[in-house]
Amino acid sequence: MIKPYKRSTTDSDKGAFHSMAEVAEVVQRVVEHGESLDRLLVQPGLSGQRSQPAFRETAYGTCRHFPHIDWHLGMLLGRPLRQKDRILHFLLAVGIYQIEHMHIPDYAVLNESVEATSSLGRNWARKLVNGVLRSYLRDRNHHDLSEMPEHQAHAFPELLFDRIKSDWPEHHLEIVKASNTRPPLTLRVNLEKTSRNKAIQTLRENAMACVATRDSPAGLTLSSPVPVKKIPGFSQGEVSVQDESAQLASLEMECGENLNVLDACAAPGGKTTHLIELFRENCTITAVDLDSRCMLIDQNLARLGLQANIVAGDLLKPETWWDGNPYDRILLDVPCSGSGIIRRHPDIKYRRKPEDLDKFHMLQTSMLVAVWELLRPGGFVLYVTCSIFHRENDDVIASFVSRGGDREVQSISKIPGIATRFGMQRLPGFGEGDGFYYCKIRKPLRTAGE
Ligand SMILES: C[S@@+](CC[C@H](N)C(=O)[O-])C[C@H]1O[C@@H](n2cnc3c(N)ncnc32)[C@H](O)[C@@H]1O
């Protein structure tokens, strides 16, 4: 039974009406036009509604669950709204998300959704929005869910769901389920400055419950997310935000004495700072990324009080930036589909097109070919993606090793996961971390006479 709702008309209430319409616009831009949630909501200096946690939660959550909600809307609307009024479809989706996933009373959602029609310049739709949401509340448990296509039942677009199923037929359900959860906030403790136990104790003293990560010795996961600036030790560089699977990459780099190390594709610098924390005593560390992204590495280093050689350069054109001194270790964390981090970036569900995987495959292979020329014999490249697709992982390595005999794939020794033909895969839902792939390729020392 929906309780009558009496709303006062203070300014903040008007703001709330406005914000629901604005969330609907953001969700439409992501779902229909493939725009990035981060670009829309995580820009530095963003103010107003969009900078509010409740706004972000609603936008991210509606995008995360949209294919599922969309099926219910199909049942409720009977025939689709006209294209020029599609924004109402997204307003209704936001309302259903709030009803199902946020602690907002049904009557408040109903009222605010109806009021939002005016902000959207569609006063005529008040009755429609009211009627559809009331029908949803009344009928949602009577919809025959066995009619729902499998991909929508799991809140995924069909092509993406099918691709995950075909790459991971035995694991796809755990993967999609984990990809629909809210991501944990995981920290990496700078063990040069403090111990993990001390960091856990300090957080608990500040009423921030947390637990140590299972696989990364420097990781801890907070039970509820908090703004980073409130985390004790964050501005002093004692902790950084980094997912557990991302933390594991630097551990595999085995940097001994006096090594020349390249962090290729370094921005925003999550792994660069970890490499420095681990190996700066013994090694020279260079971080390369495109010019426009180097500032991010610089900011990260400044917060932690660390230094590295930051080089603005295109990996595919080493002649424009490389000093000719070969590297003993190269961490190559390539651009990828991000299919392993959908829980953090639910817009990936709508941004990737089937042809993107081939484009990434070509770019990743070219990057591997380019950095191979910078590697000293006896050294290795650690190839890393946050993808779960073979096309960006084992297939890239297969195409790379088939090009020459001087490429030895070595086993990954410090990262638990599923061993694949060439590397190691961590899947979402198997442990706490994101979906990542790692592969180590060594360049053999030349033998006499070569
Ligand atoms: C997955 S991100 C790297 C994340 C980073 N390693 C970290 O841990 O914070 C991939 C990076 O590759 C960079 N990139 C893409 N094309 C590049 C190119 N041609 N040369 C250098 N960097 C490139 C992107 O700018 C992006 O920062």
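How many helices and strands are there in the chain? The chain has 16 helices and 13 strands, where helices (H or I, at least four residues) and strands (E, at least two) are DSSP runs, numbered from the N terminus. This is a predicted model, in which local features need pLDDT of at least 70, side-chain atom pairs count only at pLDDT 80 or more, and totals for chains, interfaces and linings use all residues. Residues are numbered from 1 along each chain as its sequence is written.

**Confidence**
- The average pLDDT of the chain is 92, and 94% of the residues score at least 70; pLDDT is the predictor's confidence in each residue, from 0 to 100.
- Residues 1–15 have a pLDDT below 50, and beyond near neighbours in sequence this stretch makes 14 contacts in the model. Two residues are in contact if their C-beta atoms, placed from the backbone, lie within 7 Å.

**Overall shape**
- The C-alpha trace spans about 85 × 45 × 40 Å along its principal axes.
- Of contacts between residues at least 6 apart in sequence, 73% join residues at least 24 apart.
- Of the 450 residues, 43% count as buried. Buried means that 20 or more other C-beta atoms lie within 10 Å of the residue's own, with C-beta atoms placed from the backbone; with 12 or fewer it is exposed, and in between partly exposed.

**Domains**
- The assignment gives domain 1 (11–148), domain 2 (185–241) and domain 3 (251–442); such bounds come from an automatic or database domain assignment.
- The C-alpha centres of domain 2 and domain 3 are 25 Å apart.
- Between these two, 10 residues of domain 2 are in contact with 9 residues of domain 3.
- The side of domain 2 that touches domain 3 has no nonpolar, 6 polar and 4 charged residues. Ala, Val, Leu, Ile, Met, Phe, Trp, Tyr, Cys and Pro count as nonpolar, Asp, Glu, Lys and Arg as charged, and the others, Gly among them, as polar.

**Around the ligand**
- The ligand is surrounded by 17 residues, the closest being Cys265, Ala267, Gly270, Leu315 and Asp333; a residue counts as near if its C-beta atom, placed from the backbone, lies within 6 Å.
- The shell contains 10 nonpolar, 2 polar and 5 charged residues.
- In α12, 9 of the 10 residues are buried, among them Gly270, Lys271 and Phe279.
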